[in-house]
Amino acid sequence: MSTELFTLLMFVTLMLLITLGHPLAITLGTVAIVFGLIDNGGNLTSLLELLVNNAWGGFLNYTLVAIPLFIFMAQILDRSKVSEGLFEALYVVLGGIPGGLGMAVILVSTVFAATTGIVGASVVAMGLMAGPVLLKRGYDKGLMSGIICSSGTLGILIPPSIMLVVYGGLTGQKETSVGNLFAAAILPGLLLSALYLIYVGIRCTINPRMGPPVPKEDRTATFGQKVGMTLKSFVPPFGLILVVMGAILAGIATPTEAAALGAAGAMLLALVTGKLSWKVITESGLSTAKTTAMVMALYVCGKMFSVVFLMAGGGDVVADVLLSEGMNRYVVLFIMMLVVFIMGMFIDWAAILLVVVPIFTPIAMDLEFDPLWFSMLIIVNLQTSFLTPPFGYSLFYLKGTTPPEVSMGDIYKGILPFVALQIVGIVMIGVFPDLVTYLPDLFFGKD
């Protein structure tokens, strides 16, 4: 069998099995073993030695210890209801302007993203807390859906993010270390948040019926009360963000050590607010164990797939297709981004990350793209996978928390403008690389 045919069959088989709904980790591992046996002539012992050695190398990666710590921090914060107080404060502060409540949701989700890093927690929390309020105040169902889904996905981009930790552990390059990725993701994350805010503000100003302001009679707080409420609700989560990100960016702690500080800080915050209990700790620990097991299963099986794919020459085949035709390097970049975007419509981000990064990264290096900039394009693109129909996870998270009158059609319709904003964000990052490189250069210096 030719290398080209082997590569095509392996990739098509993977896509077919995932589309049929089989579990991602099992699918990746099974395809790797079957095609690995085909490639090495059926030598099972040799293949298992290769796969086990690669898996063990992943388990020895100290950076990945940050994954359960950040997940535990997110679980504690989710149960301590940190976001509720902030939403109530911004409800009062911004409720009087068209789209103000929607903008409050975006701001709360942005802060929540910087303390959790888990999309499911953000979307579900905001869906339960803010969804009914927006609907009660007359917000368009589609706009409400788009606001909650899009802002909730910021948790996978704004650090601390599990995706960034996995990406850094996967590449093993100095340029794309977890610390550099954390610093690089801050401005793109804030950019997307700003795009959402601007869009909601403009759209609701043009058509106030999309997001009507809170009636004047319901707005009785004085300016001083508004300031006090905002500071009281904002300072605790901001302090935790400062501890985690400040320790990394100041070079005081590694991402793994900062994750431990964050987990301890989240417990302290829950204790201060009276939300810490043995039940909260045990439930958070159990949820952390389940999520970590899922992430690591995907990591190991994804590595297995990549090893077999690259060992069989699949990476060379893809590189030859993209590089041998003399195409402009930005056309090649566009093709790679388009592949990631289309895969994101059907496949989980972790599977995409583990499949495409080992293949596309060497191509990007051959084309002399900045590795950190290229990484951030991939990461922001993967964030879009939570929003794109038909299988965007955030859409289903929200559907599970909304009243029956909000249909999947409303959610699909409402998310499309925000997907367009995501694409605008990717283009802006591509055109202005300093959005990615400025903070890493500032904190860690240029190479």
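User: How do you know that the span of helix H4 (residues 66-80) agrees with what its 15 residues should give at 1.5 Å a residue?

Analyst: Happy to show you. The expected span of a helix is 1.5 Å times one less than its number of residues, so the 15 residues of H4 should span 21 Å, and its end C-alpha atoms are 21 Å apart, which agrees. Helices here are DSSP runs (H or I, at least four residues), numbered from the N terminus. Before we go on, this is a predicted model: local features need pLDDT of at least 70, side-chain atom pairs count only at pLDDT 80 or more, and totals for chains, interfaces and linings use all residues. Residues are numbered from 1 along each chain as its sequence is written, and side-chain values use heavy atoms, with hydrogens and water left out.

User: What makes H4 mostly covered?

Analyst: In H4, 11 of the 15 residues are buried, where buried means under 20% relative accessible area, exposed over 50%, and partly exposed in between (1.4 Å probe, protein chains only). Among the buried residues of H4 are Phe 70, Ile 71, Phe 72 and Met 73. H4 is followed by Lys 81, whose phi is positive, near 60°.

User: Where is Glu 368, and why is Glu 368 called exposed?

Analyst: Glu 368 sits in the loop between helix H17 (349-366) and H18. Its relative accessibility is 68%, so Glu 368 counts as exposed.

User: What is the phi of Glu 368?

Analyst: Phi of Glu 368 is near 65°, a positive value in a residue other than glycine. For background, most residues other than glycine have a negative phi.

User: Why is the pair of Phe 369 and Trp 373 called tilted?

Analyst: A search of the whole structure finds five aromatic pairs. One of them joins Phe 369 and Trp 373, at 5.5 Å centre to centre with 50° between the planes. Rings of Phe, Tyr and Trp (its six-membered ring) pair if their centres lie within 6.5 Å; planes under 30 degrees apart count as stacked, over 60 as edge-to-face and the rest as tilted, so this pair is tilted. Both partners are covered: Phe 369 is buried at 5% relative accessible area, and Trp 373 is buried at 6%. Elsewhere, ring pairs link Tyr 196, Tyr 199 and Phe 418 into a cluster.

User: How do you know that Leu 377 is buried, and what does Leu 377 touch?

Analyst: Leu 377, found in helix H18 (residues 371-384), has 3% relative accessibility, so Leu 377 counts as buried. Not counting residues up to four places away in sequence, Leu 377 touches Leu 333, Met 337, Ile 426, Ile 429 and Gly 430, where contact means heavy atoms within 4.5 Å.

User: Why is Phe 396 called partly exposed?

Analyst: Phe 396 has a relative accessible area of 39%, so Phe 396 is partly exposed. Helix H16 (329-344) and helix H19 (393-399) are the elements that give two or more residues to the patch.

User: Which helices do the buried residues of H15 pack against?

Analyst: They pack against helix H1 (3-19), helix H14 (278-311), H16 and H17. In helix H15 (residues 314-323), the buried residues are Gly 314, Gly 315, Val 317, Ala 319 and Leu 322.
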